[in-house]
Amino acid sequence: MSGDMILFFILASLSVIFSLLVIFPRNVVHSAMALAATLFFVAVLFLTLDAPMLAILQVLVYAGAIMILFLFVIMLLNPAALEGRRIAWWTLGSLAAVALLLELVSLFFYRPSPSGQPPVAAAFGGPETLAQSLFTDFALPFEIASVLLLVAIIGAVALAKREG
Amino acid sequence: MAIGLTHYLVLGAILFSLGLYTVLTRRNAISVLMGVELILNSANINYVAFSHFSSGNVDGQIYAIFVIMLAAAEAAVGLAIVLAIFQLFHTIDVGAVETLKE
Amino acid sequence: METNLAPLLPSAEVVLTALSVLLLDLFIRKDEKGLLVWISLIGLALAGGMALFLWGSHEGAFQDSILLDDFALFFTELFLGAAAITILSSVHYVRETNIHEGEFYALVLLSTFGMILMAAANDLILFFLGLETMSIGVYILTGMWRERSQASEAAMKYFLIGAFATGFLLYGIALIYGAAGSTHLGRIASALGQTKSHGSIILSAGVFLLFVGLAFKVAAVPFHFWVPDVYDGAPTPVSAFMAVAVKAAAFAGWARIFLYQLSPLQSEWTLPLKALAILTMTVGNLLAISQSSVKRMLAYSSIAHAGYLLIALVAGGESGGQALLFYLLSYAAMTFGAFGVLIALKEGENDHEAYSDFAGLGFKRPFLGMAMSLFMLSLAGFPPLAGFTGKFYLFRSAVVAGHIDLAIIGALNSLLSVVYYLRVIVMMYMEEGGAEGKPFARAPYLYLAIAIAVLGTVYLGVLPAPALDLSRISFISLH
């Protein structure tokens with residue numbers, strides 16, 4: 001077993017374990033903490049895929065800002081109301097999830113893995129290459145993303161502010 | 001055997017299924033939202049892995065940035081809706097909130 | 001670098017209008033908010049003018065990720081018109097319900113921007129961003145009447161289901177990207193021709209997930225369960241906007257992606273799509289019969305109509321595309337009209353959405369009664385109204401493509417739907433003692449919106465030729 005492989009399996013199993021911990025605790029705060037941990041391990045996985053910039057963004061924006069938002073809202077609410085409760089058709093849920101999982105996994109094994117790593121330029125996935133791509137080829141989606149964020153801001157204010 | 005695309009795709013599929021399970025079985029709106037976050041992450045793993053192994057350009061990573069942006073927007077709006085619901089009903093249980101007739 | 005910005009002109013104008021409305025909203029007094037309506041309408045008209053001016057051009061921008069063709073422009077005009085009618089019919093509604101006007105109009109405009117992108121996008125990522133801009137805008141619009149608990153509840157349901165569907169779409173796009181190496185529709189189409197078998201399995205899985213995600217958005221059975229609660233709980237003008245514009249935008253994307261770019265895969269999805277169409281029509285109609293609220297009945301009827309529209313997608317080809325576009329036009333006119341009459345019945349706290357509230361409306365408000373009868377007859381498919389012509393071409397396209405069974409099931413479903421549409425007319429003219437309905441003086445904008453819908457319903461039914469030509473030309477411009 002190579003070092004790469006050990007690293008991958010450690011990270012992969014940690015992210016799966018923590019995402020299981022998102023599902024099962026009855027306390028939502030525990031779920032949120034487990035989700036933050038999952039996001040962090042996925043960020044480390046991004047590092048193994050030559051995506052250092054994305055890993056940083058994932059930690060800062062996702063595990064940082066978004067999860068803090070989740071925790072804030074959970075704290076604002078009455079914890080008693082947050083008791084997890086399962087619905088009667090959980091069997092259906094697990095069946096659907098398992099079926100889809102089997103289907104997807106079997107699908108990927110159809111495809112022989114490319115042997116070895118493809119040659120990757122040193123700067124691949126760094127801020128410079130990403131920025132170059134983002135502000136030239138992806139300038140239009142980038143602008144639309146700004147409109148999307150504007151909509152979200154208006155919405156959050158319009159829905160959550162208390163009437164004065 | 002080296003770590004290949006398949007490994008990452010399988011991990012993505014597992015996270016996707018766990019997210020799907022969460023969305024289908026939890027009634028608490030915040031937990032459902034967390035399930036959605038898991039699904040978005042599984043898509044992100046796929047984007048980055050495909051970008052690394054097959055396409056050789058950073059497009060996939062750019063898509064992942066857009067997904068993170070989308071997750072932020074959805075979390076903001078979703079949590080605002082949850083707050084509004086809580087002010088009205090004092091619960092965020094998707095099933096307990098039932099004023100609409102069947 | 002030279003960049004062609006022409007394809008973005010109408011949508012940029014819409015965003016500009018939304019920003020002006022938002023900014024101006026901060027500086028004007030509460031009794032001057034009527035100004036915002038006018039600014040929104042003028043902005044929409046300007047954008048419509050630009051789209052007309054660009055009609056006939058065929059160009060792309062940003063590496064062809066966004067296209068300017070008659071198909072995109074047709075839908076641009078449809079969405080702009082839908083936004084204008086939504087704003088007209090919500091002027092009085094938002095005042096009665098203390099919804100913040102500035103944000104409301106701005107969000108209608110920004111959602112419209114997202115829809116325009118969906119119709120013009122030639123790249124899955126762009127399509128996806130447009131879809132999300134639209135969806136998030138509409139989630140918020142649904143929950144904006146904050147004193148009403150049903151509205152917040154509807155917003156939560158819609159949001160959770162929508163976010164879930166988004167996950168499917170994203171995961172599907174990721175698989176397609178992996179298999180084809182790009183999200184650009186043109187490049188995916190050319191990759192379709194050359195991929196080896198294992199690659200195309202991943203591609204098919206991606207397309208399947210994309211299919212499911214879009215089926216949620218058009219509310220096809222079995223992904224329809226959220227529709228009645230959401231349409232019922234949302235403010236009525238928003239329900240109309242969802243029923244017409246959101247659905248049309250999803251169908252626009254569906255047509256561009258599946259009927260054109262991915263058409264080599266058609267044999268793979270014809271059967272599931274056919275099953276989806278039959279289920280959607282039949283379940284929608286059967287459930288609509290047992291409703292006691294007209295608003296919920298309209299929600300189920302919108303599911304049934306999504307089923308009719310799916311027929312056109314199964315049929316495909318030129319006749320299917322033409323029928324799809326034409327039926328979307330007719331459906332827009334009659335649905336906006338029906339929801340408009342429903343808005344006119346609302347008085348203060350009381351929504352007056354039950355069948356019994358329509359009792360005697362034909363005598364109390366002759367115009368509303370006449371208009372509602374027209375819309376109901378048209379939705380049921382009576383000649384010579386828009387609904388009949390639209391359905392005729394839908395079923396004809398199915399027969400042309402060799403799906404005679406689909407046409408027969410569609411026709412039987414139309415017969416079934418007569419039961420619940422006629423019930424409204426019977427109530428209005430044979431019973432007494434329902435709601436009063438707003439007189440013209442109290443809701444002139446709303447009456448204007450209903451009058452436009454009446455004109456559209458009659459015109460598209462009696463003189464369908466120009467609109468049919470338009471639909472055909474627009475669909476052909478895809479190729």
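What is the mean pLDDT of chain C, and what percentage of its residues reach 70 or more? The mean is 91, and 99% of the residues of chain C reach 70 or more. Keep in mind that this is a predicted model, with an ipTM of 0.92 and a pTM of 0.93. The chain averages are set out below.

| Chain | Mean pLDDT | Residues at 70 or more |
|---|---|---|
| Chain A | 81 | 77% |
| Chain B | 85 | 88% |
| Chain C | 91 | 99% |

Within chain A, the lowest mean pLDDT of any element belongs to H4(A), at 71, while H6(A) has the highest, at 93. In chain B, helix H1 (residues 5–25) has the lowest confidence, with a mean of 88, and helix H3 (residues 59–89) has the highest, at 91.

**Chain A on its own**

Chain A splits into domain 1, covering 1–84, and domain 2, covering 123–164. Taken over C-alpha atoms, the centres of these two domains of chain A are 22 Å apart. Five residues from domain 1 of chain A and five from domain 2 of chain A take part in the contact between them. On the domain 1 side of chain A, the residues that touch domain 2 comprise four nonpolar, no polar and one charged.

Just after H2(A) comes Asp50(A), whose phi is positive, at about 60°. Asp50(A) sits in the loop between H2 and H3 of chain A, and it is a residue other than glycine.

**Where chain A meets chain B**

Here 75 residues of chain A are in contact with 60 residues of chain B. On the chain A side, helices H1 (3–23), H2, H3 (52–76), H4 (90–109), H5 (127–135) and H6 (139–160) each supply at least two residues. By class, that side of chain A has 55 nonpolar, 15 polar and five charged residues.

From H1(A), the contact uses Phe8(A), Ala12(A), Val16(A), Ser19(A), Leu20(A), Val22(A) and Ile23(A); from H1(B), the partners are His7(B), Leu11(B), Ile14(B), Leu15(B), Leu18(B), Tyr21(B) and Thr22(B). The residues of this contact of H1(A) with H1(B) are eleven nonpolar, three polar and no charged.

**Where chain C meets chain B**

For this pair of chains, 29 residues of chain C are in contact with 32 residues of chain B. Helices H5 (124–143), H6 (149–180) and H9 (227–233) of chain C are the elements that give two or more residues to the chain C side. H6(C) provides the largest share of that side, 17 residues. The chain C side that touches chain B has 16 nonpolar, eight polar and five charged residues.

**Inside chain C**

Which way does H15(C) run relative to H17(C), roughly parallel or roughly antiparallel? Helix H15 (residues 366–380) and helix H17 (residues 404–430) of chain C pack at about 170°, with axes 8 Å apart, and so H15(C) is roughly antiparallel to H17(C). Among the residues making the contact are Met372(C) and Met376(C) of H15(C), along with Tyr421(C) and Ile425(C) of H17(C). The contact of H15(C) with H17(C) comprises ten nonpolar, four polar and no charged residues.

Chain C also has cis peptide bonds to look up. One joins Val221(C) and Pro222(C), with omega about 5°; Pro222(C) is in the loop between helix H8 (197–218) and H9 of chain C. Another joins Pro383(C) and Pro384(C), with omega about 0°, and Pro384(C) lies in the loop between H15 and helix H16 (386–400) of chain C.

Terms used. Residues are numbered from 1 along each chain as its sequence is written. Chains are lettered from A and ligands numbered from 1 in the order in which they are written. This is a predicted model: local features need pLDDT of at least 70, side-chain atom pairs count only at pLDDT 80 or more; totals for chains, interfaces and linings use all residues. Domain bounds come from an automatic or database domain assignment. Two residues are in contact if their C-beta atoms, placed from the backbone, lie within 7 Å. Ala, Val, Leu, Ile, Met, Phe, Trp, Tyr, Cys and Pro count as nonpolar, Asp, Glu, Lys and Arg as charged, and the others, Gly among them, as polar. Helices (H or I, at least four residues) and strands (E, at least two) are DSSP runs, numbered from the N terminus. Axes are lines fitted to C-alpha atoms, for helices over the stretch in contact, and angles run from 0 to 180 degrees between N-to-C directions. Angles under 35 degrees count as roughly parallel, over 145 as roughly antiparallel, 65 to 115 as roughly perpendicular and the rest as oblique. pLDDT is the predictor's confidence in each residue, from 0 to 100.
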